[in-house]
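Open the model in your viewer and keep the selection panel at hand.

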Protein chains: 4
Amino acid sequence: PVLHVEAGDRVVVETRDAFGGAIRSEADLPSAVLTMPFVNPQNGPIMVAGAEKGDVLAVHIESMAPRADHGICAMIPEFGALTGTSLTATLNEPLPEVVRIVPLDGEQVRWSERVTLPYRPHIGTLSCSPELDSVNTLTPDAHGGNMDLPDMGPGSITYLPVRSPQARLFIGDAHACQGDGEVCGTAVEHASLTTIRVDVVKAWPIAWPRLETGDLIMAIGSARPLEDAARIAYRELVLWMEADYGFDRWDAYMLLSQCGIVRLGNFVDPKYTVGAAISKRYLA
Amino acid sequence: PVLHVEAGDRVVVETRDAFGGAIRSEADLPSAVLTMPFVNPQNGPIMVAGAEKGDVLAVHIESMAPRADHGICAMIPEFGALTGTSLTATLNEPLPEVVRIVPLDGEQVRWSERVTLPYRPHIGTLSCSPELDSVNTLTPDAHGGNMDLPDMGPGSITYLPVRSPQARLFIGDAHACQGDGEVCGTAVEHASLTTIRVDVVKAWPIAWPRLETGDLIMAIGSARPLEDAARIAYRELVLWMEADYGFDRWDAYMLLSQCGIVRLGNFVDPKYTVGAAISKRYLA
Amino acid sequence: PVLHVEAGDRVVVETRDAFGGAIRSEADLPSAVLTMPFVNPQNGPIMVAGAEKGDVLAVHIESMAPRADHGICAMIPEFGALTGTSLTATLNEPLPEVVRIVPLDGEQVRWSERVTLPYRPHIGTLSCSPELDSVNTLTPDAHGGNMDLPDMGPGSITYLPVRSPQARLFIGDAHACQGDGEVCGTAVEHASLTTIRVDVVKAWPIAWPRLETGDLIMAIGSARPLEDAARIAYRELVLWMEADYGFDRWDAYMLLSQCGIVRLGNFVDPKYTVGAAISKRYLA
Amino acid sequence: PVLHVEAGDRVVVETRDAFGGAIRSEADLPSAVLTMPFVNPQNGPIMVAGAEKGDVLAVHIESMAPRADHGICAMIPEFGALTGTSLTATLNEPLPEVVRIVPLDGEQVRWSERVTLPYRPHIGTLSCSPELDSVNTLTPDAHGGNMDLPDMGPGSITYLPVRSPQARLFIGDAHACQGDGEVCGTAVEHASLTTIRVDVVKAWPIAWPRLETGDLIMAIGSARPLEDAARIAYRELVLWMEADYGFDRWDAYMLLSQCGIVRLGNFVDPKYTVGAAISKRYLA
């Protein structure tokens, strides 16, 4: 363990970029400088006193700032949504391999001469240890992991199921910004200074991660095919509304058919991630 | 044909609800009063002079208003996202069959004692005739059809590929509101007074429908599994940015990985519908 | 209608190859000589007296023989299982376009200097008219259609749901041989002389096509993703064993987990086709 | 490690049934006596001297015999192909939970009064350790694992990629018989006496497991959706024919479209398994 903390503690994390710093110029091609699957380095495990199986770790992301003057985006061979991959196996030639070094600061991401994007940081990968498996940092699943949900930024609380003693929290993979689905396979990956606060919610046996912002509550599912990720997310949200907000099950199901919000985290990782949410205004 | 119009004409359409008016009370169960697949009645065909194969029909939705004081939402056996269906075939007992009559007006949808939703009308089903097949009104595909995209409301323009002489436009399936994915299988289905204006864009051979609002441009794909719908939508958007907005292909692909917007229309119909969009601010 | 027959009649059909005869040499590339979706020509409709909605048409394939000294196999751009396609949309360059003219007779298919395959003819596309839609000849669905099941050869009986008066039978797409899944997108497509006998089974309201040989009974499902095709097929088989062979539902389900036979027809068409079967020896 | 062996050694393994012996009567319901995911116990790791990353372990299954007079089959809540599951999440009530104790010997599996099946034993789960992750025994993947392929019986050779020093072989999950797809979720699970011989093939860097019998060679893929498992298997088979049997890539691809054999291992596990094979007679 790299750190032992108490519930309620604030932790300042210096995350590395998803390439572990191995890409330093646009000439550093991923196929040359990376060794799969040893990518997407995480900070952790952070041990949280008192957390045990059946609890939930509430990870408040308080702030994020860049630790470098640039981020990196790459097209990696046989990785991404609009290409054959190792799983959607084809015989086509791969797409070109491309690296973009993207200047940025705490306000803006200067994508190109033409396009400047707002700096909208979020954490791509966040998890407590699973109970049985050890899962690589590219894969999201019921333990959390590489979910790539843009909603997981400053002001959000992520609820992670605790499955081993002291939770064993891992965090990393900061994105300066990311579109829905992370279609080319990578965001603007950057080293960040991220401040979190961790709380323990005792005896809340949730099956999948959940998230809360000032505006909404969101259940998160990760699976393939993509509709299964969406099914998990929506089922968990129905059950959450029933258990904690006093809705009848079928009323919740039919209501979400009228006002449910779906966020596509990624559809490029070994499992795809979907968030299903409802505005807090309808939960009052 | 029910109507012949010229390019630029405004048409006021009295749509019927998706149940064809057969559900009049919460005791009218779909399995008793509907005869599948004879549901989701459309208004049309509307023949548009001068439209021919290779053109695009631009359908401006100018306004929508309810034609009744209520809408209808239903849980239909083996239909919806969180149940076994005729395609995701299981041996489980079906979910309960439920009908909700939902009072509404041009401002509000009064879902329950507890929840009131804003009236956010849109058109669920919109298409020109396909070239070869005749497609039932439950299925979205490359011709458009039952896309169930909440973005298709007043102020939007939908671009439909024309594949037969005079386009043969069909429109129907007005929703008073709908959540992303239409998870229980139905929206608040209501009879509407919808005003559209149709234009013809000559010689724009698009493969799939597209949509434009004041804020964004969106490409639309419909397929199963859900990731294929998203792949189609994002590929079409990349090609659109390349053809009409001067982007390099790989620059567009990587940029959408940072700022692409995904909307899930439905994941309950025979094909699922996804829209992939980019804000117009990045197209300047 | 091209023909009116009575139940029990024998019909000799001269099918054309799936390319409609447009490919005459290895230099005739599909992208140049075919006009999609106007391919896979069918013989029909054949009207069968007395068949009506709710009945089943039993199509006995009595014999098949080649009508030419060769068949044709092609790799068509963005078509096939190991390539990006119009639905699994990618930005990769397409695979090479290749045409193979394959000498054959009623005994052998001479694939190459190195490989000779046995002539194992079967019908790729077989259907009665759907009730509502008109479906192109590339797509299999609940009506039958382009199922591409190698089991549908001489000695087999295919049971097709009748959904319109006199059934409106279509037949075509003879294959000289085909592997499971038809992985490159085409079989050895050939013009055939096919003899069928049609019977009407009154009042057998099956939802999907079924097939019988001397050895087995098979239920057929067509859908995407592929597991949904397999789910449909297995569910229909469980229900068939329960309804007609005296099995308890859960006994049938668990028994098929021990001896069920799965055949992959195709995973290249707009919907994929799977047959789920059980040996007749376990039905005695 | 439980055992250290040399290449060429014969090992006699006493496998336990997939329930770890916890089900002793038809009243022992899985939900009561099992603790997920602690099921499907494996024998291992068996360390094979000289095996290192980049090699292949060839596991010859020489013989299998039952170690008990019965096997066990179960329907487990939210597990199986024809039910909503934890991943294909639905709100339907689960199917009934059922346990069957099935008498058997080395010749026959006495399923019921009505049906007797032949004893066709095979190994359900077989793997070397993955490089990075530790994977639960329910999940098949590129390392092998819970593939549930009926072809993996006596007389077969399974080729497993070695990814860590001395291979770390695990074996278990013997089935007395199993149908294609293992549709209800379980086979006739039984304790077995299995004799294997292990060889090391140096420097054969295969990406996925492969299998060989007297009649065929088979590449194996595990993924969701099911078509991705089939794509992996067929791509690996094309590459295998190209690398080791002198076929041109496109000739192999088109030939498999005529004579490829597809076996569905399971479509119930966290990933689904497909084998794609070709008869050795076409490889001469």
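Start by selecting D:Val268, which sits in the loop between β17 (261-266) and β18 (272-279) of chain D; helices (H or I, at least four residues) and strands (E, at least two) are DSSP runs, numbered from the N terminus. This is a predicted model, in which local features need pLDDT of at least 70 and side-chain atom pairs count only at pLDDT 80 or more, while totals for chains, interfaces and linings use all residues. Residues are numbered from 1 along each chain as its sequence is written, chains are lettered from A and ligands numbered from 1 in the order in which they are written, and side-chain values use heavy atoms, with hydrogens and water left out.

Is D:Val268 buried or exposed? D:Val268 is buried, at a relative accessible area of 6% (buried is under 20%, exposed over 50%, partly exposed in between, with a 1.4 Å probe and protein chains only). Now show what D:Val268 touches: leaving out residues up to four places away in sequence, the partners include D:Phe79, D:Glu182, D:Val183 and D:Arg224 (contact means heavy atoms within 4.5 Å). Then select D:Gly246, 22 residues from D:Val268 in sequence but 36 Å away in space, C-alpha to C-alpha.

Next, display chains C and D together.

Now colour the interface. Here 57 residues of chain D contact 58 residues of chain C. The buried area is about 4800 Å², with 62% from carbon and sulfur atoms (the accessible area, 1.4 Å probe, that two parts lose on being put together, summed over both). Select D:Tyr253, D:Met254 and D:Gln258: they supply 16% of the area that chain D buries against chain C, more than any other three residues.

Finish with the charged pairs. The rule finds two salt bridges across this interface (a side-chain nitrogen of Lys or Arg within 4 Å of a carboxyl oxygen of Asp or Glu). One of them joins C:Arg100 to D:Asp251, with the closest N and O atoms 2.9 Å apart.
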